[in-house]
Amino acid sequence: MKKIAVLGGGRGLSRILSGLKLFPVDVTAIITVSDDGSSTGVLKEELNIPAVGDLGKVLISMANVGEDDIDLLSYRFEKDGTLHNHPVRNILLAALIDLKGSLTEAAKYMSRLLNIKGTVLPLSEDKVELIGRRKGDDIVGEVAVSKNVRDIDYLAYDHPIEVGQEVIDEILAADLIVLSPGSLYTSILPHLIAPGVHDALEMTDAPIMYIANVVTQPGETDGYSLSDHISVLNKYLGRHKVDIVAANNGAIGTEVSDVYRTKESKLIVEMDIEKTREMGARVIEADMVSIDEKGSITHDDLKTAYQVFSYLMGQDM
């Protein structure tokens with residue numbers, strides 16, 4: 001069975017994984033642990049643990065259990081008090097870190113409980129903060145970095161982090177590396193600045209595929225085109241650049257795009273395909289989005305996973 005290593009964090013990664021679990025591939029999801037917002041940030045500081053929020057979302061997306069189980073793990077406490085705004089899955093993962101000794105073992109336990117096909121691994125066991133380096137002073141924390149990318153010279157961590165050997169082994173064993181859609185600077189690049197991951201990506205012969213964002217993110221990628229995303233990724237990747245780009249060509253109506261522009265300050269990413277190809281990447285164009293009744297644009301989990309699977313299977317043809 002072909003092996004895919006998917007790197008990312010947040011909702012974009014979860015969407016891709018919820019589709020890939022339906023295909024006959026061996027998937028390993030490697031998750032960032034530098035989030036410092038909301039429930040995750042509180043638990044991270046109070047318990048001195050790595051960020052559990054993104055990993056918890058991925059576990060839910062890859063789960064093969066009933067809706068009642070998903071609803072329970074997704075439940076977020078609403079009443080005022082010490083548990084306010086904490087989802088059950090975050091509390092469970094924090095408890096399992098104590099019981100099992102690490103976030104990696106906590107993820108493995110939850111994976112068995114949720115009947116997950118594949119592997120879910122945290123990037124590191126370290127409690128880390130993302131740092132935006134700039135002249136004069138640094139911007140500390142993922143939330144702050146996300147809002148101030150234009151002022152940042154480069155990304156780093158607040159201390160040297162240790163990447164687990166299992167993470168490196170899974171990257172080196174993969175037939176395809178996928179960089180998921182999502183926050184470019186705070187979900188994807190945190191992998192690429194981790195020394196063990198960076199070195200493994202340079203060593204592997206497996207193609208690196210980027211599933212392109214459909215809309216820009218305020219503070220991070222304002223005005224970015226597709227080629228701008230690739231340029232940033234290639235800067236951090238080193239010698240092994242992005243080989244394949246999966247780019248949406250599905251129609252997005254002006255009514256929907258106007259709402260994103262006026263209410264959320266987000267623009268539809270310009271798919272400058274030819275410029276991206278000139279950078280050495282093969283571009284796969286396909287309809288990969290879905291728009292719900294509220295007008296929210298997301299990567300369609302099944303359509304996007306199908307493009308990944310089709311490319312992977314086509315390599316041997």
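Q: Contact means heavy atoms within 4.5 Å; with that in hand, which residues is Leu 155 in contact with, leaving aside its neighbours within four places in sequence?
A: Welcome to this predicted model! Leu 155 has heavy atoms within 4.5 Å of Leu 130, Ile 131, Gly 132, Val 145, Tyr 185, Leu 189, Ile 193 and Tyr 236, so these count as its contacts beyond four places in sequence.

Q: What makes a group of residues a nonpolar core, and where does Leu 155 come in?
A: The members must be buried residues of the nonpolar kinds, joined through side-chain atoms within 4.5 Å. The largest such core here has 98 residues, and Leu 155 is among those with the most contacts inside it, along with Ile 177, Val 197, Leu 201, Met 209, Leu 233 and Val 245. Helix α11 (residues 226-237) gives the most to this core, with 6 residues. Another core, of 7 residues, lies apart from it and includes Ile 252, Val 256, Tyr 260 and Ile 297. As a general point, nonpolar side chains in soluble globular proteins tend to be buried together.

Q: Why is Ser 111 called buried?
A: Its relative accessibility is 9%, which is under 20%, so the word applies. Ser 111 belongs to helix α6 (residues 103-113), and beyond four places in sequence it touches Leu 59, Ile 116 and Val 120.

Q: On which side of the cut-off does Gln 307 fall, buried or exposed?
A: Gln 307 has a relative accessible area of 17%; that is under 20%, so Gln 307 is buried. This residue lies in helix α14 (residues 301-314). Leaving aside neighbours within four places in sequence, Gln 307 is in contact with Ile 284, Ala 286 and Met 288.

Q: How do you know what to call the angle between α3 and α5?
A: Their axes cross at roughly 110° and come within 9 Å. That angle also falls in the range of 65 to 115 degrees, so α3 is roughly perpendicular to α5. The crossing is right-handed. Gly 53, Leu 55, Gly 56, Lys 57, Leu 59 and Ile 60 of α3 make the contact with Arg 89, Asn 90 and Leu 93 of α5. By kind, the residues of this contact are 4 nonpolar, 3 polar and 2 charged.

Q: Which helices do the buried residues of α2 pack against?
A: They pack against α3 (53-62) and α5 (88-100). The buried residues of helix α2 (residues 38-47) are Ser 39, Thr 40, Gly 41, Leu 43 and Lys 44. Just after α2 comes Asn 48, with a positive phi of about 55°.

Methods. Residues numbered from 1 in each chain as written. Predicted model: local features only at pLDDT ≥ 70, side-chain atom pairs only at ≥ 80, totals over all residues. Heavy atoms only, no water. Helix = DSSP H or I, 4+ residues; strand = E, 2+ residues; numbered from the N terminus. Buried < 20%, exposed > 50% of the residue type's maximum accessible area, 1.4 Å probe, protein only. Axes fitted to C-alpha atoms, helices over the stretch in contact; angles between N-to-C directions. Parallel < 35°, antiparallel > 145°, perpendicular 65-115°, else oblique. Left-handed = near helix turned anticlockwise from the far one by under 90°. Nonpolar A, V, L, I, M, F, W, Y, C, P; charged D, E, K, R; others polar.
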